[in-house]
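Here's a quick briefing to read alongside the model. Have the viewer open and follow along topic by topic.

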Amino acid sequence: MVETLTGPAEFEKDIRKSIFLARAMPVDTEEAAKAFIAEVSVPDATHNCWAWKIGPRYRSDDAGEPGGTAGRPILQVIEAQGLDRVAVVVTRWFGGVKLGAGGLVRAYGGTAAECLRLAERTELIERARLTFHCAFSDLALVTSRLPGLGALVENEEFDATGATFIVAVPVATLDPVITALADLTSGRSVAKAVVGEEPSKD
């Protein structure tokens, strides 16, 4: 099961006189991740190290700490906790005691891990889009049943005979939803996959 966060989260820890502040946020795009990093990074802090993961794409930055001691441990924590569509920034105010490479890995990774453990989560469900036309005579029945089928209406356009829908449904229930729509309308509504689009997650 892949999860994401339901909202922002933060956790602060004092490690050998250095203050580490982790902040996390759900993000849907690389642009959103960059905006979050820019928003929460503290200009006068010693380091603002970060990582984000969105599907197969990911980035991390040590932000001046020795290579591999900050950004990568944060990213590994995101992956280890089964999270996706998440950005994490760990800000450090140096307290005068050097931690060494191993200490930095534990400090950044540990602070990020605790922040994410405390955060509220929700399951990410992979969805595919279907399109179908529904006659006016079937409209009330179909629209009342769509939520029970796990279908989220993304677009609805009316014409002279009814409405054309685009709905997002869990990939795992794609075939049963197509069958259910046909059964509800006695075969009048035939749902087809929206071509040329990657499955989405919510």
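Which residues of the largest nonpolar core touch the most other members? In this predicted model, they are Ile74, Val88, Val90, Tyr108 and Leu116, out of 26 residues in that core. Several of these names come back below.

**The cores**

- H3 gives the most, with seven residues.
- Apart from this core lies another one, made of 14 residues, including Ala151, Ala163, Phe165 and Val167.
- Take isoleucine 74: leaving aside neighbours within four places in sequence, its contacts are Cys49, Trp50, Ala51, Val88, Val90, Tyr108 and Ala112.
- As general background, nonpolar side chains tend to be buried together in soluble globular proteins.

**The sheet**

- Five strands make an open sheet in the order E2-E3-E6-E4-E5, and the pairing is antiparallel.
- E2 and strand E5 (57-61) are the edge strands, so to speak the two ends of the row, each pairing on one side only.
- From one strand to the next, the twist averages 10°.
- Seven bridges join E4 and E6, again in the antiparallel sense.
- Alanine 51 has valine 88 of E6 as its bridge partner, and both residues also turn up among the contacts of isoleucine 74.
- H2 packs on the sheet and touches E4, E5 and E6; the direction of H2 makes about 35° with that of E4.

**Aromatic pairs**

- A search of the whole structure turns up three aromatic pairs, and two of them are worth a look here.
- Phenylalanine 20 and tyrosine 108 sit edge-to-face, at 5.1 Å centre to centre with 85° between the planes.
- Because phenylalanine 20 is in strand E3 and tyrosine 108 in helix H3, this pair ties together parts that are 88 residues apart in sequence.
- Phenylalanine 20 and tyrosine 108 are both buried.
- Phenylalanine 136 and phenylalanine 158 are stacked instead, with 6.3 Å centre to centre and 10° between the planes.
- This second pair also links distant parts of the chain, 22 residues apart: phenylalanine 136 belongs to helix H4 (residues 136-145) and phenylalanine 158 to strand E9 (residues 152-158).
- Are these two phenylalanines partly exposed or exposed? Phenylalanine 136 has 43% relative accessibility, so it counts as partly exposed, while phenylalanine 158, at 52%, counts as exposed.

Terms used:
Residues numbered from 1 in each chain as written. Predicted model: local features only at pLDDT ≥ 70, side-chain atom pairs only at ≥ 80, totals over all residues. Heavy atoms only, no water. Core = buried A, V, L, I, M, F, W, Y, C linked by side-chain atoms within 4.5 Å. Buried < 20%, exposed > 50% of the residue type's maximum accessible area, 1.4 Å probe, protein only. Helix = DSSP H or I, 4+ residues; strand = E, 2+ residues; numbered from the N terminus. Contact = heavy atoms within 4.5 Å. Pairing = 2+ DSSP bridges. Axes fitted to C-alpha atoms, helices over the stretch in contact; angles between N-to-C directions. Phe/Tyr/Trp six-rings, centres within 6.5 Å; stacked < 30°, edge-to-face > 60°.
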